[in-house]
Amino acid sequence: MDTGEILDFLQKPAALLPITQHRDSILYTIETTHVTIIVGETGSGKTTQIPQFLEQAGWCNDGKVIAITQPRRLAATSVAARVASEMRTSLGDRVGYSIRFEDLTSATTRIKFLTDGMLLREALVDPLLSRYSVVMVDEAHERSLSSDVLLGLLKKIKKKRPELRIIISSATLDAHQVAAFFEDEEAPVESKTSKQCQIVKIDGRSYPVDVMYSTKPVEDYVEAAVNTAFDIHTSERGLGDILVFLAGRAEIDSAIQKLSERAATLPPNGLALQPIPLYAGLTTAEQMYAFSPAAERTRKCVIATNIAEASVTVPGIVYVIDCGFVKLRTYSPVTGIDALTVAPVSQASATQRAGRAGRTQPGKCFRLYTRAAYSSLAATTSPEIQRSNLAPLVLQLKALGIDNVARFPFLSPPPAQLMIRAMELLFSLGAVDDYAKLTHPMGTRMAELAVPPMMAKCLLAASDPKHFDCQSELLAIAAMTSIQGDVWFHHEGQKKAMEMSRRKFAAEEGDHLTLLNVYQAFVTKGKKEAQWSRNNHLNHKSMTRAVSIRAQLRRYLERLGLPVDDASTSTSTSRTSGADKTRAILKCLTTGFFSQAARMQPDGTFKTFSGGVTLHAHPTSLMFNRKADYVIFNELLESGDKVFIKNISKIEKSWLLELSGGYYKT
Ligand code: CDP
Ligand code: MG
């Protein structure tokens, strides 16, 4: 295929997508069925076309809206942009999206893409999701916590709103399991006009993919990925782009750098190689490089997280390199802590990744693991609900009025042990009482704030003037820890300079107060000028986002009747002059994060109280190589065989007893 042909392909009109032939039958099925399960190859047009079919067929009459949920923020925004452009409307008008802290919809929005978590939040105020005529749960195979809960909720809503249409769509879903889930129990007598559930299969067109395995186990898959990409580029004669799957952004950044160095050694008059990252922390503009065609005489090498596995289609890919790993949220009931862990992919994921190479012509997939390793992989990834901290989920269900959480219809019920841990944590946070009932106002307020329960508790505790009185500061800290993206930023070779900048803002007490210093300096000095951020090695986009998140959290508090007084505390001088204020902030953080506490060991590592797990301060933390005694932390990640903690602050041991709602006993 030459460049011209590839370009033609990329601009292939929607009329040529496999799904278009099924338009009428899909519409008929949806019309006559409560729950339609649609399974079709990634790229066949499910996400972008079905909402348009529905809108044209009148499902948005009377001001009704079509909701399409995605497990990932990046998928929701990029797909919304695509559909808006296909419909020749501007984003936020007839087509919009809503993700946490970012709402681009208006009264005229008829097709709305949102994360599954956002739709759940909407159910808090509109329990029957009455503004929607159709809810499409997309990428259901991902089995994210929120989409699993959504399925249970929709099953309940369906009984009260028989006119609601539910679509479950995915490339690799076990459709029969989902069908059985919706059909079980005393299904109301099948009415003459509508069926309970139907499965629609769309046969996507895909080309054969040659799968190659490593002959021996790979030691460093980032290195191996870079070498393989370079080899493909120099030895494969045809055009066609490369897609590399790595587990996380740090790996991707390092691979990009290594590959750029290799690419610079290519002869200047030959085919160039352009490495492009794709992960959720990038700005929309940065993401667009992955989706647009490469420059002339250039081969793209997109290095992506799991995002490119099924949620979005990167066009033009002929070669796939699969490292065999993925970053997953896991929860240890022993430590009671959520972590991001790099884990082996499932066989289903590996198949899906390989399939990305065969979209436009026969392709090749290079697996950076042996055939034997492949055989030992699990068949599918376990649902998130079976390996997560369930406190946010239980809180949300209770706020939705579902008190008996154990009887909620789960597609895969969570393990009892995780449920018990979640109840214990919620009880200690003061969100539920002795009878496991949501408390008022604490529990209901915690459920309404758009941050996880532990941070929500901090914000609410901070709003109590008699208690901590550090609301303005906690809002900034909550915002700074909610930005998805880095606070710090440096160009190649400027790492030292960045460390110097970071030291300027450093607070002895740890990362939270450092983040507060950064925030306060930014709003007083740097808000208007990107140059100020650059001079201080701060990521201007992230900082601007923190300001917007804080404003939204502030509005949430105001809606809860907790007005925010910023006047007293808006400058850094007023904070540093107040040792009491600092103490109040740290105590306040302890009221939320007591379950994530650790003690420093003589060798500088930390140990949790419960499980005795060894933790290391992350190199980005101020506590890296510093002395402390007791600390709390916000985030935990596993990398290699080490467990790292991030966003760490020093606390006093006595606070843990005083402020943990009985979580720790003497
Ligand atoms: O949801 P599904 O994977 O079935 O497909 P889709 O996301 O609706 O995409 C349908 C087609 O639109 C893809 O094959 C791409 O060629 C194209 N597309 C694109 O070029 N750029 C996007 N941002 C989204 C889709
Ligand atoms: Mg899709």
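Visitor: Is Glu102 buried, partly exposed or exposed, and at what relative accessibility?

Guide: The model is predicted. Glu102 has 28% relative accessibility and therefore counts as partly exposed.

Visitor: With which side chain does Glu102 meet in a salt bridge?

Guide: Side chains of opposite charge can pair when their charged atoms come close. Here the partner of Glu102 is Arg73, with an N to O distance of 4.0 Å. Arg73 counts as buried because its relative accessibility is 19%, and the cut-off for buried is under 20%.

Visitor: Which elements hold Arg73 and Glu102?

Guide: Arg73 belongs to helix α4 (residues 73-86) and Glu102 to strand β4 (residues 102-104), so the pair ties together parts 29 residues apart in sequence. Salt bridges with shared partners also join Arg73, Glu102 and Arg545 into one network.

Visitor: How many salt bridges are counted?

Guide: The count comes to 24 salt bridges. One of them joins Asp403 and Lys437, whose closest N and O atoms are 3.3 Å apart. This pair links distant parts of the chain, 34 residues apart: Asp403 is in the loop between α14 (391-399) and α15 (416-429), and Lys437 is in the loop between α15 and α16 (442-448). Asp403 is partly exposed at 34% relative accessibility, and Lys437 is partly exposed at 44%.

Visitor: What salt bridge does Asp24 form?

Guide: Asp24 pairs with Arg23, the closest N and O atoms being 3.6 Å apart. Asp24 counts as exposed at 57% relative accessibility, whereas Arg23 is partly exposed at 25%.

Visitor: How many aromatic pairs are there, and why is the pair of Phe609 and Tyr630 stacked?

Guide: There are 11 aromatic pairs. The ring centres of Phe609 and Tyr630 are 5.9 Å apart with the planes at 25°, so this pair is stacked. Phe609 lies in the loop between β18 (606-608) and β19 (614-617), and Tyr630 in strand β20 (residues 630-639), 21 residues apart. Phe609 is partly exposed at 36% relative accessibility, while Tyr630 is buried at 6%.

Visitor: What geometry do Tyr663 and Tyr664 show?

Guide: Tyr663 and Tyr664 form an edge-to-face pair, 5.1 Å centre to centre with 75° between the planes. Tyr663 is partly exposed at 22% relative accessibility, and Tyr664 is buried at 18%. Ring pairs link Phe594, Phe609, Tyr630, Tyr663 and Tyr664 into a cluster.

Visitor: Which charged residues lie over the rings of Phe181 and Phe230?

Guide: Lys155 lies over the face of Phe181, 4.6 Å from the ring centre. The charged end of Arg262 sits over the ring of Phe230, at 4.2 Å from its centre.

Key
Residues are numbered from 1 along each chain as its sequence is written. Chains are lettered from A and ligands numbered from 1 in the order in which they are written. This is a predicted model: local features need pLDDT of at least 70, side-chain atom pairs count only at pLDDT 80 or more; totals for chains, interfaces and linings use all residues. Side-chain values use heavy atoms; hydrogens and water are left out. Rings of Phe, Tyr and Trp (its six-membered ring) pair if their centres lie within 6.5 Å; planes under 30 degrees apart count as stacked, over 60 as edge-to-face and the rest as tilted. Helices (H or I, at least four residues) and strands (E, at least two) are DSSP runs, numbered from the N terminus. Buried means under 20% relative accessible area, exposed over 50%, partly exposed in between (1.4 Å probe, protein chains only). A charge sits over a ring if NZ of Lys or CZ of Arg is within 6 Å of the ring centre and within 35 degrees of the ring normal.
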